[in-house]
Every structure is written in structure tokens, then in C-alpha cells.
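Here are my notes on the model, point by point. Please read them with the structure open.

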Amino acid sequence: MRTHKVLLIPGDGIGPELAPLARDLLQVLEDRGIARFEVREAPAGDRTLEETGEALPRETLDLAKNWADAVLKGPVGESARDVVIPLRRELDLHTNLRPAFTLPGVPAVREMDLVIVRENLEDVYVGAEYSHGDLAFALKLVTAGQTRRVARLAARIAKERSGRATIVTKSNVLRVTDGLFRRISEEVLSREGVEHEHMYVDAAAMEMVRNPRRFDVVLTMNLYGDILSDLAAQVSGSLGTAASANVGDVKAMFEPVHGAAFDIAGRGVANPISTIMSVGLMVDWLGYGGAYRAIRKAVEASLSEGARTPDLGGGYSTVEFYRVFKRRLEALLS
Ligand code: ATP
């Protein structure tokens, strides 16, 4: 059995109270003979910045680059940008994955179960903005190579799900840049045998509120993906329970979508579902799809039996919810 090296960054706020649960979940998987994990912890975030003058110390980055197979990152406060952006670039994490699905008992606008596959390194996020007097403009960068990598990953995910994908751009206005992203994406999906359609981003936003069940895998550019992921999270009710993945060809990083939640830190009431789902996405990426599905089912079963932290209107503490989840998961894995 292979041993996977996991770098755990607890982060700020509620992060340090959630990190031990992530460790425990990996131990459960190990005890059930699914995989072996070697876990090391490293600092990053606001507290680290105060103590060392750096939000992302060199040693943490070195461990992520040269030791870890995957990074499990907790929420980070004000210094989030200084932690996430260098990790994304240095580990070459070309794609962002944001699953959004409804959970039992979690209020949602509409039922949905989709994954947004978002280009993660280019578009207007290259940060090339210029001004001259009253004129200001930004550079939008798209390359065929990067689009191809993202589209290939979308194809792989689509084949594991329904076999269909929706490409989202604004290629009627941005004919050259969005046009290139659309053309390459269509080529890759056709070659991979994935059924696909194209939608303009304005129509996609409307449809995601009106009839989200029509989407399964949404392949889109960096800026549109940023906006659509929050829209999907809000409509599915998963803003507080969602996790996301930043994936490259070699490495990947997994994190909860929520922030450091300083207002409830240290009170033992944080909802651990996004941390549990971060671990779920990581084991899925490492090749244990069955374990991911069991984790998701155990979360659903725990909510269905009424276990809920205060943010979902319940009275369970973080640890009490986790205990219910763990019992469910162990039953599913036995
Ligand atoms: P950021 O700018 O880092 O995203 P934020 O304050 O906008 O920070 P969060 O830190 O995610 O966003 O907090 C938003 C609200 O959601 C807060 O009231 C917080 O307590 C709540 N919240 C976030 N995560 C959780 C969680 N895991 N469990 C319970 N409540 C949470």
C-alpha cells in the first residue's frame, strides 16, 4: 500500500480546531486499510505573519513543493492572498474545482449537484493592469496549452460523472481570448468523447439559478468561474459546507471555502463539514473515489439523522457532529 505525504496547514481562526479532525479522518481511512498517510504540519497565515514576519514561510513552501504529495490547507485570515497565490503558482495548480451540491436539511434555493472546473492561472488574474491619465486597462491572457490542461481534467471528471459538460465563455464579445478558450475546450472534449454544449456566461448565471439540474460539469475561465462558484454555493446552500481543490498535473491543494471565522473561533462550534469534504476531495484525487463517496454519504446520513452545528440551526458542537459522522463513515467502510 502506498503512503501519501500530506502537508497540513491548520491556518487561522477556526482552522486549528478543525485540523485535528482532518488528521483523525485520515487515521480512520488508514485503520480501514484504504490508504496510508504520513502527515506533517506547517504554519502559514496571520499568526505566522505576526510571529515570523512572513505569511508563508520558506520552510512551509519547501515542504509543499519538495516533500508533500498533497496539501490540506485550513482557512487563513487577512493574509489569505499571500498564502494561496504563491502556493498556486509554485505548485503549478492549473485548475480549481468547486463542487456544489445540496445537502439534507441545509436550506437551498434549488437542488443541484455540479462541479465547476475553473482555469486557475490566467485570464485577468495575471495582474497586468495599466493606466495612463484617464485611461485604464487590464490584460486578459489565454493560452492554448493551459486551456488544454484544464479541459483535459474537465473531461476526466465528466467521464467519472454523467459524461457531459457545459463550456461557459463570453465568446460573442471576446472573440479572440474567450474564442480560443472555447475552441480548444470543444476540441479536447470532442476528442475525449464527452458530450458538450456551450453557454454564454450571462445565460449560464441565469440558468444556474433557474434550473441548475441541467448542469453537471461546468468548464469555464478564471473570472467567470470565480463568480459562478459563489453563485452555485449560495443557490445550493453550500457556502458554509463547501470545499475546493486546486489541482495540477503533479500536486494538489484542498481547502474549505469559508474563511477563518474569527467571530466563533475557540468556541468549539465550527461546522466541520467543509474540512471533512476537503479531505474527501483529496482522497478522491489520490485515487480513492470509493472513500470519497463514502465520506459524502456519511455527511448526508449525519445531517439526515438531525446532527447539526449551530450555523445550520442545530445544537451540536464541532466534535459532537464529527463523532456522529465518524460512526456513520466507519459503518459504511466496514
Ligand atoms: P474571509 O474574508 O476570510 O472570507 P469572512 O469573514 O468574509 O472572511 P468567513 O470567515 O467565512 O468569511 O465567515 C463568514 C461567516 O460565516 C461568519 O459569521 C462565520 O462565523 C461563519 N462561518 C464560516 N465558516 C464557518 C464554519 N465552518 N462553521 C460555522 N460558521 C462558519
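1. Start with the ligand and asparagine 271. A nitrogen atom of the ligand is 2.8 Å from a polar backbone atom of asparagine 271. Two further pairs use ligand oxygen: one oxygen atom lies 2.6 Å from a polar backbone atom of glycine 259, and an oxygen atom is 2.9 Å from a polar backbone atom of alanine 261. A polar contact here is a pair of N or O atoms within 3.5 Å.

2. Around the ligand are Ile14, His258, Gly259, Ala260, Ala261, Asp263, Ile264, Ala270, Asn271 and Asp311. A residue counts as near if one of its heavy atoms lies within 4 Å.

3. A word on the basis. This is a predicted model, in which local features need pLDDT of at least 70, side-chain atom pairs count only at pLDDT 80 or more, and totals for chains, interfaces and linings use all residues. Residues are numbered from 1 along each chain as its sequence is written, and side-chain values use heavy atoms, with hydrogens and water left out.

4. Now helix H1 (residues 15-31) and helix H9 (residues 273-285). Their axes come within 9 Å and cross at roughly 40°. That makes H1 oblique to H9; angles under 35 degrees count as roughly parallel, over 145 as roughly antiparallel, 65 to 115 as roughly perpendicular and the rest as oblique. Helices are DSSP runs (H or I, at least four residues), numbered from the N terminus. Axes are lines fitted to C-alpha atoms over the stretch in contact, and angles run from 0 to 180 degrees between N-to-C directions.

5. Which residues of H1 and H9 meet? Leu18, Ala22, Leu25, Leu26 and Leu29 in H1 touch Thr275, Ile276, Val279, Met282 and Val283 in H9. Contact means heavy atoms within 4.5 Å. The residues of this contact are 9 nonpolar, 1 polar and no charged.

6. Helix H10 (residues 289-304) packs on helix H11 (residues 318-333) at about 130°, with the axes 8 Å apart. H10 is therefore oblique to H11. From H10, the contact includes Lys297, and from H11 it includes Arg328. The residues divide into 12 nonpolar, 1 polar and 2 charged.

7. Last, helix H7 (residues 201-210) and helix H8 (residues 222-236). The angle is about 10° and the axes are 10 Å apart. That makes H7 roughly parallel to H8. Val201, Ala205, Met208 and Val209 in H7 meet Tyr224, Leu228, Leu231, Ala232 and Val235 in H8. The contact has 9 nonpolar residues, no polar and no charged.

Note on methods:
Helices (H or I, at least four residues) and strands (E, at least two) are DSSP runs, numbered from the N terminus. Ala, Val, Leu, Ile, Met, Phe, Trp, Tyr, Cys and Pro count as nonpolar, Asp, Glu, Lys and Arg as charged, and the others, Gly among them, as polar. A polar contact is a pair of N or O atoms within 3.5 Å; within protein, one must be able to donate a hydrogen and the other to accept it, and residues adjacent in sequence count only if both atoms are side-chain atoms.
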